[in-house]
Amino acid sequence: MPDTASTEALRASTPFPHRHLLGIAQLSPPDILNLLDRAEAMIPVSRQERKSLPTLSGKTQINLFFEASTRTQGSFEIAGKRLGALVVNMSVRTSSVSKGETLIDTAATLNAMQPDVIIVRHSAAGAVELLSQKVGCSVINAGDGAHEHPTQALLDALTIRRHKGRLAGLTVAICGDIAHSRVARSNLLLLGALNVRTRVVAPRTLLPRGIDQLATEVHTDMEAGLRDADVVMMLRLQHERASGRMIPSVREYYRFYGLDEEKLGFARPDAIVMHPGPMNRGVEIDPAIADGSRSVITEQVEMGVAVRMAVLDALLSGGAR
């Protein structure tokens, strides 16, 4: 099968040097390109009639999600199954964790089951790295607090590269709730490493300290932030932040920072629109834009499966052990 051959050739020529994927910060530019190229090779697998490879046959994958995430968890589950792994979803709400078991106890319990990889989402920054120190298998960060979400940044980069043909030299505007977004942080780290010009656009109350150390430019005005951008990436406004001192009201937020036709007009005519989901339609993005011809939001979901297949393949078939 050509898809299998291309994947095997990529694995043989460019082994992945890491045991875990805890964040973009740990990756060099060649590491990032390695994963993007692997993901590119996985796309045809997901589009063919028989969507499977025997790559991870005999391997056990545990999805350990302390936070609900239908999109990310489902994507990792599909990715593992398409590579032939035995995939187990741990229901944290009904496990001993809800009865007071600590994360370290959970790690010890799972480690005794001899898994090959654990995918973890947790509300606390650093929890995934702590767990990785207590188990003998590979660990993948599926989002930890406001820290990082590495596979989201990888799938975003893959989507951009497929549409624009490159990453270096592009201008990407990331707009919205920057202060509480692990997606923004991972994207800024990845895009910055690959010589992309990054802009963040948000009200001052949603800009974290030190953001100017990660982004090329920082803006509080959508016209300036979107001017001649190649990519407009909107972020979810967390409803729990949408009151009090963060923003005056959702209506006011949409007026000044919601992406509509007028604001999108400041970007390049061929600019693409992205959103990591789930979307608050009519809050951070106009439904007509979300469903319009320049939106690549659905494609981001497809690329998510390819990227997660690539990460699993890299760690379990060609990674450092």
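## Gln 61

The side chain of Gln 61 forms a polar contact with the side chain of Asn 63, at 3.1 Å. This comes from a predicted model. Gln 61 sits in strand β1, which spans residues 60-65. Its relative accessible area is 1%, so Gln 61 is buried, the cut-off being under 20%.

Gln 61 also meets residues from elsewhere in the chain. Val 87 is 26 residues away along the chain, yet the two C-alpha atoms are 4.8 Å apart. Leaving out residues up to four places away in sequence, Gln 61 touches Phe 76, Glu 77, Gly 80, Ala 85, Leu 86, Val 87, Val 88, Val 117, Ile 119 and Leu 312.

## Arg 182 and the annotated binding site

The unreviewed UniProt entry carries a "binding site" annotation for Lys 99, Arg 182 and Arg 236. Of these residues, Arg 182 and Arg 236 are included in the lining of the largest pocket.

Arg 182 belongs to helix α7, residues 182-193. Arg 182 counts as buried because its relative accessibility is 13%. Neighbours within four places in sequence aside, Arg 182 contacts Glu 67, Arg 121 and His 122, among others. Its contacts also include Gly 143, Asp 144, Gly 145, Ala 146, His 147, Glu 148 and His 149.

## Cysteines

How many disulfides does the structure hold? It holds zero. Cys 137 has a relative accessible area of 2% and is therefore buried. Cys 175 is buried as well, at 0% relative accessibility.

Definitions and conventions
Residues numbered from 1 in each chain as written. Predicted model: local features only at pLDDT ≥ 70, side-chain atom pairs only at ≥ 80, totals over all residues. Heavy atoms only, no water. UniProt positions renumbered as here; feature names shortened; annotations may be inferred. 1 Å grid on protein atoms, 1.4 Å probe; cavity = no way out; pocket = protein on both sides within 12 Å on 5 of 7 lines; lining within 4 Å. Helix = DSSP H or I, 4+ residues; strand = E, 2+ residues; numbered from the N terminus. Buried < 20%, exposed > 50% of the residue type's maximum accessible area, 1.4 Å probe, protein only. Contact = heavy atoms within 4.5 Å. Disulfide = S-S within 2.5 Å. Polar contact = N/O pair within 3.5 Å; in protein donor to acceptor, adjacent residues only side chain to side chain.
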